[in-house]
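Dear colleague,

I am handing over a structure for you to look through, and I would be glad if you kept it open while you read the notes that follow.

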Amino acid sequence: ATLTKDFPPELDPSVVSQAGWGILYAPDLDAPSKEALQRLVQHRRELSDDPRTVKEFTYDGEPWAYKWLNRQGVASGIYDPYKVPYYLLLAGSPQSIPFSFGFQLNVSYAVGRLHFDTAEEYARYVDSLIRYEQAPAISNRREIVYFAPDHDDATAVSTDQLITPLVSGVAETADRPAIKPVAEVCQFTSRSFLGGNASKNHLKTVFAPAVQAAPPALLFTASHGVGKKQSEPDQPALNGALLCQNWSGPGSITPQDYFAAHDLPADARLDGMITLHFACFGGGTPAQDRYARMVKDLPDYSAKTPFIAALPRRLLAHPNGSALACLA
């Protein structure tokens with residue numbers, strides 16, 4: 001893609017060692033968790049072209065990203081990795097560092113977030129990431145796995161207009177040339193579990209492949225995400241769980257119908273995997289559901305306190321090795 005942002009000519013934003021890397025700690029992050037993350041900071045400094053472009057910040061409560069950037073000496077769209085690196089990790093809950101602040105930063109910067117309940121989980125992620133980056137050989141297959149149940153008009157549209165073009169490409173027309181499948185362009189292979197094949201058991205085999213099979217590099221899911229109301233005590237555990245083809249339709253949802261954090265098996269092999277979940281609440285649940293106000297009679301599934309979804313948190317802190325990233 002053509003980059004229109006005002007990067008200095010000597011800075012390649014696709015190269016982390018040049019673009020810089022920074023971490024923004026929540027003010028209430030406990031000392032053991034921060035200590036675990038500082039091992040990652042040191043690792044980034046060791047890999048950087050200039051360790052001065054690896055920065056640590058503590059969030060000061062500013063709700064507007066542009067004002068926070070101004071206080072660091074930069075403006076939106078003007079990059080100086082010695083002041084604010086291009087890659088930024090928010091460390092802490094969305095109650096302490098609001099979702100909205102991360103969204104604003106993400107307009108100009110490459111932003112991620114980690115939030116776990118314990119220092120042990122932060123340490124697991126850091127250990128897995130460093131171990132993966134220091135491994136002499138990549139253990140993943142150059143493979144994309146697509147997972148897309150088909151339950152209704154919404155999932156039919158996401159399968160037909162999102163997943164199928166990614167899997168199969170787009171045929172040439174009088175108006176434009178053909179578009180190749182994503183896997184072919186990247187010189188990857190691909191597998192697809194679509195419609196009736198998008199079962200809970202098939203998804204489980206992606207996360208826990210046979211001993212002789214390497215895990216895929218990327219899992220792309222497009223499905224409904226489970227939504228629970230504030231009044232339901234299992235909201236934090238289940239919001240964003242992936243609804244599989246097992247579901248028979250409106251009326252009731254049972255634990256056999258969805259894949260949640262607790263469904264990740266103990267022998268899951270996630271090292272090096274990136275997952276992308278196109279699903280309601282797949283990444284988390286805000287305290288304000290703006291979408292519900294736009295659609296008549298849609299229940300409000302907002303949270304009393306905003307939270308990151310349980311499934312990506314489990315993927316990123318699995319005891320048997322963590323995924324590299326979850327996009328949702």
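A helix here is a DSSP run of H or I with at least four residues, and helices are numbered from the N terminus. Please keep in mind that this is a predicted model.

With that in place, we can begin with the second largest pocket, which holds about 190 Å³ of space. Helix H6, covering residues 153–168, gives the most to its lining, with 4 residues. The lining includes Ala154, Thr155, Val157 and Ser158, and among the others are His224, Phe278 and Cys280. By class, the lining residues of this pocket divide into 6 nonpolar, 4 polar and no charged.

Helix H2 (residues 31–47) packs with helix H5 (residues 119–134) at an angle of about 15°, their axes being 7 Å apart. Angles under 35 degrees count as roughly parallel, and H2 and H5 are therefore roughly parallel to each other. Their crossing is left-handed. Among the residues that make this contact are Leu37, Leu40 and Arg44 of H2, together with Val126, Asp127 and Ile130 of H5. In classes, the contact of H2 with H5 has 11 nonpolar, 3 polar and 4 charged residues.

Helix H3 (residues 65–72) and helix H4 (residues 99–106) pack at an angle of about 65°, with axes 9 Å apart, and H3 and H4 are therefore roughly perpendicular to each other. Here Ala65, Trp68 and Leu69 of H3 meet Phe101, Gln104 and Leu105 of H4, a contact with 5 nonpolar, 1 polar and no charged residues.

With best wishes

Technical notes. Residues numbered from 1 in each chain as written. Predicted model: local features only at pLDDT ≥ 70, side-chain atom pairs only at ≥ 80, totals over all residues. Heavy atoms only, no water. Axes fitted to C-alpha atoms, helices over the stretch in contact; angles between N-to-C directions. Helix = DSSP H or I, 4+ residues; strand = E, 2+ residues; numbered from the N terminus. Parallel < 35°, antiparallel > 145°, perpendicular 65-115°, else oblique. Left-handed = near helix turned anticlockwise from the far one by under 90°. Contact = heavy atoms within 4.5 Å. Nonpolar A, V, L, I, M, F, W, Y, C, P; charged D, E, K, R; others polar. 1 Å grid on protein atoms, 1.4 Å probe; cavity = no way out; pocket = protein on both sides within 12 Å on 5 of 7 lines; lining within 4 Å. Points joined across faces, edges and corners; volume = space filled by probe spheres on them.
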